[in-house]
Structure formats: structure tokens, C-alpha cells
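Please look at the sequence and the model below before reading on. The report that follows walks through the chain as a whole and then turns to one part of it.

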Amino acid sequence: MAQIKILALGDVVGTQGCQYLSGGRLRRMRDTLGASFVIVNGENSAVGNALSPESAEMIFDAGADVITGGNHTFKKKQIYDYLDCHPYAIRPANYPANAPGDGWCIADCNGWRILVINLLGTTFMDSMDSPFKTVDRILEINRGKYDLSFVDIHAEATSEKLCLGRYLDGRVSAVFGTHTHVQTADAKVLPGGTGYITDLGMTGSAAGVLGVKTECIIHKFTVRTPIYFEPAEGDPHASGALFTVDTTTGLCTEAVGITF
Ligand SMILES: [Fe+2]
């Protein structure tokens, strides 16, 4: 049975998150884990919660194969042209069709065709097309064009993420959640053979609250007036999940949470 390992990393937060993956650290982790392909959520990787061309390039240079997005992807206009020009930097597919960029891509990995789909949840989030109907449509139009398939569901509600995992069980290689920045302890292979984790967690400083300085968030909760979210500093880490996939079936044989 031929197997391939795919590493997915949670939301890269700010410069500290980008720098933590750089300098060879992500490439060393690829080697250590035996990961042939890396998917990174980058929607918070620019200063001020966004994806920028500069932060995307840092993540690609560090060793990512595909960058996924979320509700902050379009916050900086400089990213619009970049998304139109870079097929492996994707944004949620259930945005309106005239939004810049694409919501899915097919990337090569040693001859294997890997379909990566990015979706945005609709519970406690902006109103978008149904992620369930959207993923059905993308799988249908790409039928026969890919070998393995991964879905990043960028969503607030654990129920929406787990429900999508079960909805796609047996139809995709793995479903992983992003957005909450806290890694969940439920990495598993669902009964139909789809790898799953509710949230990958984040990449950046673990010293604050979800990558932001603690005092800013305390102000947010106790004073309720607007405040600039300064990035937290210190105690950097990266968290995500490693999926082992049987290339003959395209289904997952092992899913484990990873922090380094
Ligand atoms: Fe987000």
C-alpha cells in the first residue's frame, strides 16, 4: 500500500508566525514528519489580520505548497491581483464568483494530483453560499481530475465543521477546520475513511490570546471600546495535523495533531 503524508498548519498569525516557519524550520519539519505536501492557512499572516503578497511569499518560501484563506483574506486590496495570479494561494470557494482568486486548486505532488478546497463557514460568520453545496459542486466538476483531496473549512462553529467532515466522509481524503486558533484534540479517521480535525490551531506566538497581546483582549472584553490588536510576542509555535493517505484509495489511514 503506497502512502503519502500531508501536513496542514493552522492560521499563521502576523510576522512572528511567518518568521517562525522561515529559516528552514518548516522544511525541517517536513523532513522529520515525512510530509510530502504542506497546506498552510495564511489569512492572518500579514500585519493587521490579512493575507498580503509579502506574507504569502514568506509562507511559500518557507516550504508551503498551498495557502488557504478565510474571512480576513480580502482585507488588504494588494492581495487581489496576487490571488488572481497565484493558483496555489486560494480563498474560500463560497464567496461570490466575481471575488478575486479561486476557491480550489489542484497541485502536483510527486505525480499525485492533490485537490485543495477552501470553504468559509456560515454560522456566526458572514453570509456566503452554502459550503456543503459548494464543495459538492467542486468535487463534481473535478471528478477524475485528482487523486487526493483536502478541505479547509474556515469556520467558527464546531458543529458546522464536524458536520461537514461527516458530510464528506468517504468522499475526500481529509477535512480540517481553521479560524479559532486553538487546536482541538479530536484528530481522527472518520468511519468512511476521511481524516478529520475540528481545528488545526495557529502558527505564531502562544504568549497572548490567539496571537494578540493579552492586554488588548482583556480591554476588548472588559471595556468594549475599539482597540488595535497588537501582535503577541514570544513563545512561538506551529500547530496543525498530519494526515497519512493511502494513494490507492485516496482515503486517510491516520490523522494526528501536530505542534512544533
Ligand atoms: Fe479567520
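How many of the nine residues of strand β6 (residues 112–120) are buried? Seven of the nine are buried, and the strand is therefore described as mostly covered, where buried means that 20 or more other C-beta atoms, placed from the backbone, lie within 10 Å of the residue's own, exposed means 12 or fewer, and partly exposed lies in between.

This is a predicted model, in which local features need pLDDT of at least 70 and side-chain atom pairs count only at pLDDT 80 or more, while totals for chains, interfaces and linings use all residues. Residues are numbered from 1 along each chain as its sequence is written.

The protein chain has seven helices and 13 strands, which are DSSP runs numbered from the N terminus (helices are H or I with at least four residues, strands are E with at least two). Its C-alpha atoms fill a box of roughly 55 × 40 × 35 Å along the principal axes, and 48% of its 260 residues count as buried.

| Strands | Bridges | Direction |
|---|---|---|
| β5 (residues 104–109) and β6 | six bridges | antiparallel |
| β6 and β7 (residues 148–154) | seven bridges | parallel |

β5 and β6 form a hairpin with two residues between them, and N110 in the turn has a positive phi of about 55 degrees. Within this pairing, C109 has W112 of β6 as its bridge partner. On the β7 side, I117 stands opposite V151. The chain passes from β6 to β7 through helix α5 (residues 131–141), a β-α-β crossover that is right-handed, meaning that, with the strands pointing away from the viewer, the path from the first strand over the helix to the second runs clockwise.

The largest nonpolar core has 67 residues, of which I6, I59, V116 and F150 touch the most other members; such a core is a set of buried Ala, Val, Leu, Ile, Met, Phe, Trp, Tyr and Cys residues joined through C-beta atoms within 7 Å. β6 gives the most to this core, with six residues. Leaving out residues up to four places away in sequence, F150 touches several residues, among them I6, I114 and V116, a contact being two C-beta atoms within 7 Å.

Terms used
Two strands pair if DSSP finds at least two bridges between them.
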